[in-house]
Amino acid sequence: MTDSSLHATGRSGAPRQQAITLTMADGTMGALDMGDPARPFDLVFLHANGFNARTYLGLLEPLSHNWRVLALDLRGHGSTRLPTRTAGRRNWADMQADVRLALQQVEAERIVLAGHSMGGSLSILTGAGAPDQVAQIVAIDPVVWPRLITVALNLPGVSRLAARTPLVSGALRRRNGFSSPRSALQGWRGRGAFTGWPDAVLQDYVADALERGEDGRWHLTCPPVWEASNYAAQAQNVWRAASRASQPIRVLRAERGSTCFFPEGDSHGGRMSVTRVPGTTHFMPMLSPEPVRSALIAALQSRESV
């Protein structure tokens with residue numbers, strides 16, 4: 001990590017806002033740095049589509065008492081400032097490359113790479129190709145289609161069908177203009193994907209979900225067209241990445257509404273374990289953080305014992 005590539009602001013003891021320069025990607029990646037700044041990073045965390053790093057503060061901050069945590073804002077989200085080109089985009093290779101560059105820039109070594117939903121998939125996709133940097137992978141209800149659908153989504157022309165799914169159309173209809181963050185918070189509270197969220201978690205999300213535009217109104221830092229592009233771009237093969245990874249992979253599947261079709265149990269010679277977490281939904285990091293935090297702690301401790 002060098003001063004020229006990573007600039008920190010923030011109060012002592014509070015999450016420090018970072019801007020990681022990704023020269024090859026033509027921009028900066030926003031992040032939150034938690035824990036002792038004198039130690040190397042122990043855990044790097046990747047968020048779900050449409051959210052941001054700050055959404056997961058309630059999950060991650062308790063870990064920073066013992067480990068140093070870096071939560072990244074992926075391309076097109078939060079405080080990250082990288083190009084968001086959607087034309088011809090079929091997969092998440094751009095975000096995968098961003099994460100790989102960020103790990104190199106902060107000199108990550110034998111970290112735990114973890115993430116939720118899209119971030120969980122990216123943890124497997126990126127970590128599998130970086131065994132020297134990533135010692136353990138934890139994926140929280142990652143987006144993993146059944147094998148045959150995964151093969152189909154990688155065929156020429158099929159991406160046009162993925163662009164017609166309800167998730168894509170729903171994202172494109174998302175409201176993207178508010179008089180204030182408070183009005184957005186009030187409008188989202190208890191509705192849709194935010195049903196049941198603790199208010200503190202929703203407030204953390206809102207803090208980095210909006211920015212003031214030239215028109216004086218507040219707009220989403222993840223524009224609906226980019227969120228929709230992430231839902232439509234599904235030509236990545238998480239199955240193949242998991243089979244090629246040399247690190248232990250721990251996958252937590254939601255009991256209801258899971259986006260993960262990895263079968264439960266151990267596979268790949270016991271290197272990957274998939275556990276269905278009782279009583280959880282896809283939003284388990286927000287609604288049921290304890291089993292998620294326990295899995296992260298187990299990975300961090302296992303990494304230290306090797």
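About 60 Å³ of space lies in the largest cavity of this predicted model, where a cavity is a set of points, on a 1 Å grid over the protein atoms alone, at which a 1.4 Å probe fits but cannot get out. Grid points are joined across faces, edges and corners, and a volume is the space filled by probe spheres set on the points. The structure holds one cavity of 30 Å³ or more. The largest cavity is lined by Val 143, Val 144, Trp 145, Thr 150, Gln 234, Gln 236, Val 238 and Trp 239, lining residues being those with an atom within 4 Å of a point. By class, this lining comprises five nonpolar, three polar and no charged residues; Ala, Val, Leu, Ile, Met, Phe, Trp, Tyr, Cys and Pro count as nonpolar, Asp, Glu, Lys and Arg as charged, and the others, Gly among them, as polar. The model is a prediction in which local features need pLDDT of at least 70 and side-chain atom pairs count only at pLDDT 80 or more, whereas totals for chains, interfaces and linings use all residues. Residues are numbered from 1 along each chain as its sequence is written, and side-chain values use heavy atoms, with hydrogens and water left out.

The largest pocket, a pocket being an open set of points with protein on both sides within 12 Å along at least five of seven lines, has a volume of about 910 Å³. Its lining is made up of 40 residues, of which Asn 49, Leu 167, Arg 174, Glu 227 and Tyr 231 lie nearest the centre of the pocket. At least two residues of this lining are supplied by each of helix H4 (147-153), helix H7 (181-188), helix H8 (199-209) and helix H9 (224-232), helices (H or I, at least four residues) and strands (E, at least two) being DSSP runs numbered from the N terminus. The lining of the largest pocket has 22 nonpolar, 14 polar and four charged residues.

Of the nine residues of H9, seven are buried, so this helix is largely enclosed by the rest of the structure; buried means under 20% relative accessible area, exposed over 50%, and partly exposed in between, with a 1.4 Å probe and protein chains only. The buried residues of H9 are Pro 224, Trp 226, Glu 227, Ala 228, Ser 229, Asn 230 and Ala 232. In helix H8, Leu 202 also counts as buried, at 2% relative accessibility. Leaving out residues up to four places away in sequence, Leu 202 touches Leu 185, Trp 188, Arg 189, Phe 194 and Trp 197, contact meaning heavy atoms within 4.5 Å. Leu 202 and Met 286, which are 84 residues apart in sequence, are 8.8 Å apart in space from C-alpha to C-alpha.

The axes of H2 and helix H3 (residues 118-127) come within 10 Å and cross at roughly 65 degrees, axes being lines fitted to C-alpha atoms, for helices over the stretch in contact, with angles running from 0 to 180 degrees between N-to-C directions. The crossing of H2 and H3 is right-handed, the near helix being turned clockwise from the far one by less than a right angle, and a left-handed crossing being the anticlockwise case. Met 95, Gln 96, Val 99, Arg 100 and Leu 103 in H2 meet Met 118, Leu 122, Leu 125 and Thr 126 in H3, a contact with six nonpolar, two polar and one charged residues. Within H3, Thr 126 is buried at 4% relative accessibility, and beyond residues up to four places away in sequence it touches Gln 96, Val 99, Arg 100, Leu 103 and Leu 113.

Ala 114, found in strand S6, counts as buried at 0% relative accessibility. Its contacts, apart from neighbours within four places in sequence, are with Leu 43, Val 44, Phe 45, Leu 46, Ser 123, Val 138 and Leu 296. Ala 114 and Val 251 are 137 residues apart in sequence and 9.7 Å apart in space, C-alpha to C-alpha.

Several loop positions were also examined. Arg 110, in the loop between helix H2 (93-105) and strand S6 (111-116), has a positive phi of about 55 degrees although it is not a glycine, and is partly exposed with a relative accessible area of 33%. His 268, in the loop between strand S11 (265-267) and strand S12 (272-277), likewise has a positive phi, near 55 degrees, and is partly exposed with a relative accessible area of 33%. Ala 38, in the loop between strand S3 (27-34) and strand S4 (43-46), is exposed, with a relative accessible area of 70%.
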